[in-house]
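Try each task before you read its solution.

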Amino acid sequence: MLKIEKPGTYDYILAIATIVILVVLSAIFIYGTVESWINSIKDPGWNTGWLYVDYLKRMNSYAYPFAVALVILLCMCIPKRFVPRGYLLQFSLILLAIDAAVGIQWGLVVGLGFLLFISAVVQTATAIMVVIKSGSLVFERDGVIAQLGSALLHLGFVIFGFDLVAIRDPQAHLNVFWFSTVLVILGLVLSFYSRELSSTAKKLRGERIASGATEGTGTVNRWPL
């Protein structure tokens, strides 16, 4: 049975794999920018001929496998909120096997869309459970604000990926894109400023309690003794 005994190993492997993929994608983007720049110097009208079509095909073929791998890694992060750490790898492999079966049956795009849809549903449930303070979720950081920020950030990226992979209608594509952007921005704010937001909330709550106590005292004093 596949089982990760050492805590943090799963997260460490995912983090390293994500960094490697992002570095490779960055290198591809830089290479594409440099090649485009050189082509534009040699022929200012190169983007209207066959050379530009060939350029787009090659760049997409270079980036596509790593973009798919990035989506898979993102979706492998989702189960760690629910599944015990020792069984994360086993659970993720089962999820990927189901997704591979869907992809083989209906195509790669449907397989990726299926994986992203399941991840979006799970991540939405995670955000709701954080709000209601379920207590059964696993997070690296304490505090509802930071945990909600993490959940919304992941949900935003998952919906963004689903938008790119599965949605073809231009208007729906734009609406979902902005929705995912709002989720990502909100998640970033809640994640990076959780302490400040928590401190402000406690201060406001303290002022409200103090104000209520003062009003309560005033109410008692208004009664004729």
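**Exercise 1. Find which helix gives the most residues to the lining of the second largest pocket.**

Solution. Step 1: α5 gives the most to this lining, with five residues. Helices here are DSSP runs of H or I with at least four residues, numbered from the N terminus. A pocket is an open set of points on a 1 Å grid over the protein atoms alone, where a 1.4 Å probe fits, with protein on both sides within 12 Å along at least five of seven lines; lining residues have an atom within 4 Å of a point.

Before going on, note that this is a predicted model, in which local features need pLDDT of at least 70, side-chain atom pairs count only at pLDDT 80 or more, and totals for chains, interfaces and linings use all residues. Residues are numbered from 1 along each chain as its sequence is written, and side-chain values use heavy atoms, with hydrogens and water left out.

Step 1: among the lining residues of the second largest pocket are R81, F139, H154 and F192. The elements that give two or more residues to this lining are α5 and α6.

Step 2: the lining of the second largest pocket divides into five nonpolar, four polar and three charged residues. Ala, Val, Leu, Ile, Met, Phe, Trp, Tyr, Cys and Pro count as nonpolar, Asp, Glu, Lys and Arg as charged, and the others, Gly among them, as polar.

**Exercise 2. Describe how α5 and α6 cross.**

Solution. Step 1: locate helix α5 at residues 144-166 and helix α6 at residues 170-192. Their axes come within 7 Å and cross at roughly 155 degrees. Step 2: α5 is therefore roughly antiparallel to α6, a term for angles over 145 degrees. Step 3: the residues of this contact divide into 18 nonpolar, seven polar and one charged.

**Exercise 3. Describe the lining of the largest pocket.**

Solution. Step 1: this pocket has a volume of about 990 Å³, where a volume is the space filled by probe spheres set on the grid points. Step 2: 31 residues line the largest pocket, and A67, L70, V71, L74 and F157 lie nearest its centre. Step 3: α2 gives the most to this lining, with 13 residues. Step 4: the lining of the largest pocket divides into 24 nonpolar, four polar and three charged residues.

**Exercise 4. Is I128 buried, partly exposed or exposed?**

Solution. Step 1: find I128 in helix α4. Step 2: I128 has a relative accessible area of 48%, so this residue is partly exposed (buried is under 20%, exposed over 50%, partly exposed in between).

Definitions and conventions:
Axes are lines fitted to C-alpha atoms, for helices over the stretch in contact, and angles run from 0 to 180 degrees between N-to-C directions. Angles under 35 degrees count as roughly parallel, over 145 as roughly antiparallel, 65 to 115 as roughly perpendicular and the rest as oblique. Buried means under 20% relative accessible area, exposed over 50%, partly exposed in between (1.4 Å probe, protein chains only).
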